[in-house]
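Take a look at the chain shown below.

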Amino acid sequence: MNEQDPPGNHDLVAVLTTTRSVRLRLRLDLPVAREDVHDCLRIAAQAPTGAGTLKAHWIVVQNGASIAALGEIYRGLWHGRYDHALAGVPQEDLPADVRSAMHLADNFGRLPTVVLGFVEAPTDTPDNQASLWSSLLPAAWSYALAARGRGLVTAWTTTLNDAQTEVSKLFGVPIGYTLGVALPTAYPEGQAFKPAARYGWRERIHDEGW
Ligand SMILES: Cc1cc2nc3c(=O)[nH]c(=O)nc-3n(C[C@H](O)[C@H](O)[C@H](O)COP(=O)(O)O)c2cc1C
């Protein structure tokens, strides 16, 4: 939190600055109530809607066999992408970010809950991609914030997007819906979360022009 933060908004600012993608401190042993996930998705539905129409769909995955199947796909994609670059690097020398990403990849199949976010998308790629994704991504982030409000944590992941067809087949997703984000959801080990170092944010603000 910052001294410039307006008085009265400290809870909100704390949530906005400390809602992290949690990959290491996940309670894999603790179930998450489906009603709680649904309630977070109810809150997520308050995000902006184009023409007042909800275009996001969610699959709440808690079935062990389905999570294991997702985990196989995720693990294969992640290691397929990074193993070559990481070959020969001892585990203890891996940067913290890589270590935590690998931990998630290796444990994705043991998560208590994964929420898959899909957007209703035309089969031909629209020119205005931002407009399409705006129907899903703000809602997905609202879901992450709402989950935090219930003491849950999430991680923002798009690795599974590279296996669209396989994932869609696994869950019977009709043609015309595109996977945009997968949100592992779990209780965390401990509730202490800090703001991340986000270097250069100030230089990226261009007042009145670039
Ligand atoms: C577009 C996007 C896609 C991402 N995909 C993944 C992913 O598939 N797997 C992963 O472990 N982290 C992924 N990340 C990174 C994490 O969500 C997170 O941003 C990172 O661990 C840093 O943590 P923090 O955002 O809480 O500071 C992605 C982030 C973004 C913005």
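Two residues are in contact when heavy atoms of theirs lie within 4.5 Å. The model is predicted. Keep both points in mind.

**A glycine in a strand**

Start with Gly180, which sits in strand 5. Leave aside the neighbours within four places in sequence. Gly180 is then in contact with Gly117, Trp133, Leu136, Thr158 and Asn161. Is Gly180 buried or exposed? Gly180 is buried, because its relative accessibility of 6% falls under the 20% cut-off. Now compare sequence and space. Gly180 and Gly200 are 20 residues apart in sequence, and their C-alpha atoms are 27 Å apart in space.

**The nonpolar cores**

The largest nonpolar core has 31 residues. Which of them touch the most other members? They are Leu116 and Leu160. Several elements each supply at least two residues: strand 2 (56-61), helix 3 (64-86), helix 4 (96-107), strand 3 (113-120) and strand 5 (177-188). Helix 3 gives the largest share, with six residues.

Look at Leu160 in detail. Beyond its neighbours within four places in sequence, Leu160 is in contact with Leu70, Ile73, Tyr74, Leu77, Phe108, Leu116, Val167, Leu179 and Ala182. Another core lies apart from the largest one. This other core has 16 residues, including Val60, Val115, Ala140 and Ala146.

**The aromatic pairs**

How many aromatic pairs does the structure hold? It holds three. A pair of aromatic rings is described by the distance of the centres and the angle of the planes. The table gives two of the pairs.

| Pair | Type | Centre to centre | Angle between planes |
|---|---|---|---|
| Tyr74 and Phe108 | stacked | 4.2 Å | 10 degrees |
| Trp78 and Tyr82 | tilted | 4.8 Å | 50 degrees |

The stacked pair, Tyr74 and Phe108, links distant parts of the chain. Tyr74 is in helix 3, while Phe108 is in the loop between helix 4 and strand 3. They are 34 residues apart. Tyr74 is buried, with a relative accessible area of 4%. Phe108 is buried too, at 0% relative accessibility.

The tilted pair is Trp78 and Tyr82. Both residues lie in helix 3, four residues apart. That spacing is about one turn of the helix. Trp78 counts as buried, because its 4% relative accessibility is under 20%. Tyr82 counts as partly exposed, because its 33% lies between the 20% and 50% cut-offs.

Definitions and conventions:
Residues numbered from 1 in each chain as written. Predicted model: local features only at pLDDT ≥ 70, side-chain atom pairs only at ≥ 80, totals over all residues. Heavy atoms only, no water. Core = buried A, V, L, I, M, F, W, Y, C linked by side-chain atoms within 4.5 Å. Buried < 20%, exposed > 50% of the residue type's maximum accessible area, 1.4 Å probe, protein only. Phe/Tyr/Trp six-rings, centres within 6.5 Å; stacked < 30°, edge-to-face > 60°.
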